[in-house]
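Me: Could you walk me through this one? I'd like to start with charged pairs and then move on to pockets.

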Amino acid sequence: KLGFAACERNSAATEGINVLIEKRNALGQWEYGIMCIEYTEFEMFGIKNASASINSLKTDFPANTNILYVDLASAEKIGSCKDITCLPGIVLNLKKTLPFVDHFGIPHSVSGGRLECTMQSIADNFVNAYPSRRYKSIEEKLDSFIVYNERKRVTSSAKRKRKHNDKYLNQTPDGSLLDIIRNATDILSDCNINIPKIGDNSKYIHSRPPFLILLHPALGPMWEVTRQK
């Protein structure tokens, strides 16, 4: 009924994770499901925002990318409820400082945030209940699931505007465009099409990429099928 597109998560990244949860409900049953936990709530759940090992840049949990696979009829049933169920997972995000000037013209700053009713948290309503605890292969029998792939194929966020002379393109529109071109290059290179190699982001701080490739979405999401087309 609900699926997450996930990938490896970089250490200390400001992004949520996907987890398999296990809990007991009021009836004493064991509930299981694939959930998303936002990075703002790691401390509350006792999750460390660190790498899996000393020399690793990756974390224990896969990154949640906000890309979902949804059975619309099931989601509509949840959204049409007349109780709190239709507004799942409200999170208070207080990660930013907001500056302001008072009526005397003196600048101040306070912790500010927003209430998020995250779309991922609808998964809270898609748990499967069992009379006894499960120990093996439970994820194959759930109403929620994860589709896992390489990070560059799944997510490339553009969360900030690139500043003049900025040496980093991560999370900027410029960096996202380079990731799109790299993915198109991977697809076409396996079709015996010779394409110049796209280098590291640092090579394009002050220059354009050598070419632009934008594949039409109608080609579909399956790379193997897109190559055939």
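**Salt bridges and pockets**

Reply: Asp 190 and Arg 227 form a salt bridge, with their closest N and O atoms 3.3 Å apart. Asp 190 sits in the loop between helix H4 (173-189) and helix H5 (223-228) while Arg 227 is in helix H5, so the pair ties together parts that are 37 residues apart in sequence. A salt bridge here is a side-chain nitrogen of Lys or Arg within 4 Å of a carboxyl oxygen of Asp or Glu. Helices (H or I, at least four residues) and strands (E, at least two) are DSSP runs, numbered from the N terminus.

Me: What should I know about the model and the numbering?

Reply: This is a predicted model, where local features need pLDDT of at least 70 and side-chain atom pairs count only at pLDDT 80 or more, while totals for chains, interfaces and linings use all residues. Residues are numbered from 1 along each chain as its sequence is written, and side-chain values use heavy atoms, with hydrogens and water left out.

Me: Ok, is Asp 190 buried or exposed?

Reply: Asp 190 is exposed, at 53% relative accessible area, and Arg 227 is partly exposed at 22%. Buried means under 20%, exposed over 50%, and partly exposed in between (1.4 Å probe, protein chains only).

Me: How many salt bridges does the whole structure have?

Reply: The search finds 8. One of them joins Glu 15 and Arg 151, with closest N and O atoms 3.0 Å apart. That pair links distant parts of the chain, 136 residues apart: Glu 15 is in the loop between E1 and strand E2 (17-24), and Arg 151 is in helix H3 (residues 151-154). Both Glu 15 and Arg 151 are buried.

Me: Switching topic: what volume does the largest pocket have?

Reply: About 760 Å³. It has 26 lining residues, and those closest to its centre are Arg 153, Gly 220, Pro 221, Met 222 and Trp 223. On a 1 Å grid over the protein atoms alone, a pocket is an open set of points where a 1.4 Å probe fits, with protein on both sides within 12 Å along at least five of seven lines, and lining residues have an atom within 4 Å of a point. The volume is the space filled by probe spheres set on the points.

Me: And which residues lie nearest the centre of the second largest pocket?

Reply: Asn 10, Arg 151, Asn 170, Gln 171 and Asp 179, out of 23 lining residues. The second largest pocket has a volume of about 530 Å³, and H4 gives the largest share of its lining, 4 residues.
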